[in-house]
Amino acid sequence: MRHLMSPLDFSIEELDKLFDLAADIEANPAKYAHACAGKKLATCFYEPSTRTRLSFESAMYNLGGNVLGFSDAGSSSAAKGESVSDTIRMISCYADICAMRHHKEGAPMVAATKSSIPVINAGDGGHQHPTQTLTDLLTIRSIKGRLNNFTIGLCGDLKFGRTAHSLIHALSRYANIRFIFISPEELKVPEYITEMLREENIPFEEVTKLESVMPELDILYMTRVQRERFFNEEDYVRLKDFYILNKEKMELAKDDMIILHPLPRVNEISVEVDDDPRARYFQQVQYGVYVRMALLLTLLEIEV
Ligand code: CP
């Protein structure tokens with residue numbers, strides 16, 4: 001039995017296989033329509049979500065399976081003090097696979113140690129968000145045709161941004177990737193990540209101004225400044241509109257640069273950018289369904 005806690009849990013070869021499967025699902029959806037008949041996915045979300053929870057549910061329904069779960073810890077027995085370890089023991093009796101989001105870093109990992117079904121980390125605090133990374137990688141591979149040889153700028157909250165952390169780890173395994181981290185001083189990428197990049201001799205630079213690096217980027221990965229991760233409202237208010245990508249800034253970008261964003265968006269991408277053909281964040285959401293379908297089939301060991 002296999003869990004998914006980090007994007008590094010799959011080798012590059014396994015990821016290629018997963019993305020090939022996702023591409024086949026996109027091309028031949030009917031072939032997979034009953035692949036998970038009789039199977040149940042539990043979505044245990046202790047923290048708010050729109051995309052991750054609903055895309056998992058959509059993925060399971062697309063595969064002919066069923067879904068149960070909760071979208072709010074307050075409506076589960078967590079509100080009465082039940083531990084994650086006890087909850088997953090119950091869920092193991094009700095479902096075949098579980099996607100879990102939790103505000104505490106490591107909670108899905110704790111669940112995995114007590115589970116008799118595969119557990120997928122659907123986002124744990126400011127730590128990791130591996131299925132968002134699978135979505136991001138599939139999107140890049142599908143649009144750019146490769147997962148190597150590019151300069152990627154990650155912009156916004158790089159301190160607490162779990163999607164950025166997971167993506168940096170995942171991309172660091174591919175050849176000739178150059179990172180440009182664009183953030184205010186207070187939201188810089190954590191040192192354990194920059195240390196890892198130094199050790200691996202992976203080029204990166206850290207800047208504050210988006211405009212200064214815009215012409216160099218093949219991919220711009222925008223992120224939201226996350227109110228829920230701040231310790232005080234004053235700091236959030238000061239930093240929340242630090243970056244706003246608008247039409248004027250897009251004029252500095254390459255014609256084939258793509259903009260990705262894990263979403264939800266607040267103000268960091270002006271809606272006027274949505275019509276730019278380089279804005280791919282809504283297409284990215286669709287890839288999230290295909291890759292989660294491929295992931296469910298892989299972890300449930302179902303071959304079609
Ligand atoms: N990208 C993402 O994790 O979105 P949700 O928080 O809506 O699931």
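Rings of Phe, Tyr and Trp (for Trp, its six-membered ring) form a pair if their centres lie within 6.5 Å, and planes under 30 degrees apart count as stacked, over 60 as edge-to-face and the rest as tilted. The structure on screen is a predicted model, in which local features need pLDDT of at least 70 and side-chain atom pairs count only at pLDDT 80 or more, while totals for chains, interfaces and linings use all residues. Residues are numbered from 1 along each chain as its sequence is written, and side-chain values use heavy atoms, with hydrogens and water left out.

**Stop 1: the aromatic rings**

Select F179, F181 and F204, which ring pairs link into a cluster. A search of the whole structure finds six aromatic pairs, and one of them joins F179 and F181, whose rings are stacked at 5.7 Å centre to centre with 25° between the planes. With a relative accessibility of 1%, F179 counts as buried (buried means under 20% relative accessible area, exposed over 50% and partly exposed in between, using a 1.4 Å probe and protein chains only). F181, also at 1%, counts as buried.

Next select Y281 and F282, where the ring centres are 5.2 Å apart and the planes stand at 65°, so this pair is edge-to-face. Y281 is buried, at 0% relative accessible area, whereas F282, at 48%, is partly exposed.

**Stop 2: helices α5 and α11**

Now select residues 130-144, helix α5, together with residues 281-299, helix α11; helices are DSSP runs of H or I with at least four residues, strands are runs of E with at least two, and both are numbered from the N terminus. The two helices pack at an angle of about 115°, with their axes 8 Å apart, the axes being lines fitted to C-alpha atoms over the stretch in contact and the angles running from 0 to 180 degrees between N-to-C directions. That angle makes α5 roughly perpendicular to α11, a term that covers 65 to 115 degrees, with under 35 counted as roughly parallel, over 145 as roughly antiparallel and the rest as oblique.

To see the contact, with heavy atoms within 4.5 Å, show the side chains of residues including T131, L134 and L138 in α5, and Y287, V291 and L295 in α11.

**Stop 3: D275**

Finally, select D275 in the loop between β9 (258-260) and α11. D275 counts as exposed because its relative accessibility is 72%. From D275 to I182 the C-alpha to C-alpha distance is 24 Å, and the two residues are 93 residues apart in sequence.
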